[in-house]
Amino acid sequence: MRLGLIQIALGVALLGLAWTVGGWAWVLAWPAGSVLAVGAAYLGPGGPRIFGKHASDGRLAWLNVIVLLPYYAVAWTLWQLTSRVLRENPHDEVAPGIFVGRRPLGAAEVPATARVVIDLTSEFPRARSTRAVERYFCVPTLDMCPPDDASFASLLDRLSGEEGPIFVYCAMGHGRSATVAAGLMIRRGVARDVEDAIERMSEARPSVHLHPAQRDAVRRVS
């Protein structure tokens, strides 16, 4: 919710600047509208549908991309910069056969043994470098949030029969991907509960961090 409020505040500020300055400043109405739309998605029932990502193949709907282009431009640029600057592995094996990581920049950042890919991003299309992996599951999820309970539980049920190895990724490999990995670890008996799962994951990937809503979701569905 906090991230949604921040985005709403930024959108209102941009609109206020456009109104105050006038003239050329009204070009800010587009980025203001895109940020407001995303902020509203965090606060309302629409959630990740704002990005129009197809769960079947990870494509983004072109109309959503056009409407939200200013937001995408900033988000994608920051992701590129952060991914290249942060000194952390693109992925880590947090439990036997379970890899958690960021959206890969290239084929070298996809675990070589991965047979299943889980994509938790809603604001990015499927990483092309994962197309060689046999099986792909996508559950579009907003940053700092868990998947909805039904989608989360269904995903864990579908993964119960997958031998793997499984590569779970989100934008940076810290929250959304770790949330699903925690649920999977509990289902497989690798971890007792969410706290145990986080502790075990942190040994391999110290940057793992689950927000309270993500922890609660793991407790409900695992």
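## Two helices side by side

H1 crosses H2 in a left-handed manner. This is a predicted model, so keep that in mind as you look around. H1 spans residues 2-21 and H2 spans residues 29-43, and their axes come within 8 Å of each other, crossing at roughly 155 degrees. Angles over 145 degrees count as roughly antiparallel, and H1 and H2 are therefore roughly antiparallel to each other.

Who does the touching? On the H1 side the contact is made by Leu3, Gly4, Leu5, Gln7, Ile8, Leu10, Gly11, Val12, Leu14 and Leu15. H2 answers with Ala29, Pro31, Ala32, Val35, Leu36, Val38, Gly39, Ala40, Tyr42 and Leu43. Sorted by class, the contact of H1 with H2 has 16 nonpolar residues, 4 polar ones and no charged ones.

## The cores

The largest nonpolar core holds 33 residues. Ile118, Leu159, Met185, Met201 and Leu210 have the most contacts inside this core. Helix H6, residues 176-187, supplies the largest share of the core, with 7 residues. Apart from this core lies another one, of 11 residues, and Tyr71, Tyr72, Leu142 and Cys145 are among them.

Back in the largest core, take a look at Leu159. Setting aside neighbours within four places in sequence, Leu159 is in contact with Val116, Ile118, Phe137, Ile166, Leu184 and Arg188. Ile118, one of those partners, is also on the list of core residues with the most contacts.

## Thr121, tucked into a strand

Thr121 belongs to strand E3, which covers residues 116-121. Is Thr121 buried or exposed? Its relative accessible area is 0%, so Thr121 is buried.

Which residues does Thr121 touch, leaving aside those within four places in sequence? They are Lys53, Pro140, Thr141, Tyr169, Cys170, Ala171 and Arg176. Tyr169 sits 48 residues from Thr121 along the chain, yet the C-alpha atoms of the two are separated by 7.7 Å.

Most residues other than glycine have a negative phi. Met144 has a phi near 70 degrees, a positive value in a residue other than glycine.

Where is Met144 placed? Look in the loop between strand E4 (135-141) and helix H5 (149-159).

Definitions and conventions
Residues numbered from 1 in each chain as written. Predicted model: local features only at pLDDT ≥ 70, side-chain atom pairs only at ≥ 80, totals over all residues. Heavy atoms only, no water. Core = buried A, V, L, I, M, F, W, Y, C linked by side-chain atoms within 4.5 Å. Buried < 20%, exposed > 50% of the residue type's maximum accessible area, 1.4 Å probe, protein only. Helix = DSSP H or I, 4+ residues; strand = E, 2+ residues; numbered from the N terminus. Contact = heavy atoms within 4.5 Å. Axes fitted to C-alpha atoms, helices over the stretch in contact; angles between N-to-C directions. Parallel < 35°, antiparallel > 145°, perpendicular 65-115°, else oblique. Left-handed = near helix turned anticlockwise from the far one by under 90°. Nonpolar A, V, L, I, M, F, W, Y, C, P; charged D, E, K, R; others polar.
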